[in-house]
Amino acid sequence: MEIIESIRAEYGRLDVLVCNVGNGTALDVNILLEERWSHFLSSNLLSTTFLVESALPLLIKSKGNVVAISSICGSSFVKGAPVEYSVAKAALNMYIKSMAFKHANSGIRFNVVSPGNVMFEGSTWHNKIKNDKELVTKFISENVPMGMFIEPGAIADAVQFLASDNSNFTTGVELNID
């Protein structure tokens, strides 16, 4: 993978890999079933697996760690979430947990951060609020444990913790931020 080769050439090592590619936006119902599954699996699972596999030699060398961004949809039912998205995130969670056990002896740590409903400009929720703020507010208050959106900073804090020496003995963990 080109980015991993660039890191190897410039730095010679990789200490932390944060895999934050994904998309849970519902697709048009007219899109073929095979295309729907391919889209969600590619963007939410395979993007991470290919990157991690490419980075393994550098991660082994540095005894680094991987933090993948998943979703609460991967570990519990979330009303309104596309089924294909939820399944892809569940597969991502299992991939990371399996890699944690597979590579424990090499010193690499693998963990997952699973956010709930995140609010930021341009997000699905941001766009939904523009269309019907009352409906979104009602949904969040009835379906989210703390009754509010998560801010991206809370996710960054969780990633920072898992990537730091403060979690030296933490691997194969899914940390829900919800």
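Modeller: Lysine 97 is partly exposed, with 27% relative accessibility; buried means under 20% relative accessible area, exposed means over 50%, and partly exposed is in between, with a 1.4 Å probe and protein chains only. This is a predicted model, in which local features need pLDDT of at least 70 and side-chain atom pairs count only at pLDDT 80 or more, while totals for chains, interfaces and linings use all residues. Residues are numbered from 1 along each chain as its sequence is written, and side-chain values use heavy atoms, with hydrogens and water left out.

The partner of lysine 97 is glutamate 174: the two form a salt bridge, with 3.6 Å between the closest N and O atoms. A salt bridge here is a side-chain nitrogen of Lys or Arg within 4 Å of a carboxyl oxygen of Asp or Glu. Lysine 97 belongs to helix α3 (residues 83-102) and glutamate 174 to strand β4 (residues 174-177), so the pair ties together parts 77 residues apart in sequence. Helices (H or I, at least four residues) and strands (E, at least two) are DSSP runs numbered from the N terminus.

By the salt-bridge rule the count comes to five. Another of them joins lysine 138 to glutamate 142, at 3.8 Å from N to O. These two residues sit four apart in helix α4 (residues 124-143), which means about one helical turn separates them. Lysine 138 is partly exposed at 47%, while glutamate 142 is exposed at 55%. A further salt bridge pairs arginine 13 with aspartate 15, N to O 2.5 Å. Arginine 13 has a relative accessible area of 43% and is partly exposed; aspartate 15, at 37%, is also partly exposed.

As for the charges overall, the protein has 14 positive and 18 negative side chains, and the centres of the two sets are 5 Å apart. Lys and Arg count as positive and Asp and Glu as negative, leaving out His and the chain ends; each charge is placed at NZ of Lys, CZ of Arg, CG of Asp or CD of Glu.

Threonine 48 lies in helix α2 (residues 33-62) and is buried, at 2% relative accessibility. Beyond its neighbours within four places in sequence, threonine 48 is in contact (heavy atoms within 4.5 Å) with Cys19, Leu92, Tyr95 and Ile96. In helix α4, there is also lysine 128, partly exposed at 39%.

Now the whole. The protein has five helices and four strands, in the order α-β-α-β-α-β-α-α-β from the N terminus. Along the principal axes, the C-alpha atoms fill a box of roughly 50 × 40 × 30 Å. Of the 178 residues, 41% are buried. Among contacts with a separation of 6 or more, 73% are between residues 24 or more positions apart. The protein exposes about 10200 Å², of which carbon and sulfur atoms supply 58%, by the Shrake-Rupley method with a 1.4 Å probe.
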